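Thank you for coming, everyone.

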Amino acid sequence: MIRSFKFIFRFILEQKWWFLFGLLMTGLVSSLTWFGPKVIAHIIDDGVVPRNHEVLFTAVLTLAAVEFGRLFSVFLSQSTYAVLGQNVIERVRARMIQHLMSLPISFFDSITSGGMMTRVV
């Protein structure tokens with residue numbers, strides 16, 4: 001398992017900017033998720049209970065902005081990881097094909113096509 005992770009992680013590090021951007025977006029999602037309940041507490045404590053409509057209006061707009069930012073960050077995070085995953089898969093497959101093409105003909109004579117497909121898949 002650890003060997004497989006090290007193998008894949010090399011390909012992820014080739015795409016380090018996608019990876020770092022994905023981590024940044026994940027951190028932003030976590031921060032905005034934490035901030036939402038704080039704004040709701042402010043709405044209830046300072047807007048609803050004392051019936052302060054000015055604070056209520058401002059806090060609701062802030063909550064809407066936080067939720068929109070969180071939604072956009074989730075979209076960017078998921079899209080970034082999708083692109084990163086596709087790039088890693090493409091590189092792993094290219095390396096696999098390169099390795100298969102470098103094998104001697106005797107290897108293909110000694111293994112059935114089903115046996116080779118089992119190893120590849």
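This is a predicted model: local features need pLDDT of at least 70, side-chain atom pairs count only at pLDDT 80 or more; totals for chains, interfaces and linings use all residues.

Let me begin with a question: which residues in α2 are buried? They are G22, M25, V29, L32, G36, V39, I43 and G47, where buried means under 20% relative accessible area, exposed means over 50%, and partly exposed lies in between, with a 1.4 Å probe and protein chains only.

Residues are numbered from 1 along each chain as its sequence is written, and side-chain values use heavy atoms, with hydrogens and water left out.

The score pLDDT is the predictor's confidence in each residue, from 0 to 100. The protein chain averages 91 on that score, and 100% of the residues score at least 70.

Now to helix α2 itself, which runs over residues 16–48; helices here are DSSP runs of H or I with at least four residues, strands are runs of E with at least two, and both are numbered from the N terminus. Helix α2 has 33 residues and reaches 46 Å from its first C-alpha to its last, close to the 48 Å expected, the expected span being 1.5 Å times one less than the number of residues. The cover over the buried residues of α2 includes α3, residues 53–102.

Together with I40, V48 and V49, I44 makes a nonpolar surface patch of about 350 Å². For such patches, residues must have over 30% relative accessible area and no salt bridge, like charges being joined within 9 Å and nonpolar side chains (Val, Leu, Ile, Met, Phe, Trp, Tyr) within 5 Å.

In the loop between α2 and α3 we find R51, which counts as exposed at 68% relative accessibility. Phi of R51 is near 60°, a positive value in a residue other than glycine. As background, most residues other than glycine have a negative phi.

Next comes α3, which has 50 residues and reaches 73 Å from its first C-alpha to its last, close to the 74 Å expected. Its buried residues include A59, L63, V66, G69, S73, S77 and T80, and what covers the buried residues of α3 includes α1, α2, α4 (105–110) and α5.

What is S73 in contact with, leaving aside its neighbours within four places in sequence? It is in contact with M25, L28, V29 and L32, where contact means heavy atoms within 4.5 Å. S73 is buried, with a relative accessible area of 3%.

Finally, how many salt bridges does a search of the whole structure find? The search finds 2, a salt bridge being a side-chain nitrogen of Lys or Arg within 4 Å of a carboxyl oxygen of Asp or Glu. In one of them, the side chains of R91 and E14 meet at 3.2 Å, N to O. R91 lies in helix α3 and E14 in helix α1, residues 2–14, so this pair ties together parts that are 77 residues apart in sequence. E67 forms a salt bridge with R70, the closest N and O atoms being 3.1 Å apart. Because E67 and R70 are 3 residues apart in helix α3, they are separated by about one helical turn. E67 is partly exposed, at 30% relative accessible area, and R70 counts as partly exposed at 28%.

How values were computed:
Accessible areas come from the Shrake-Rupley method with a 1.4 Å probe; for residues, only the protein chains shown count as cover.
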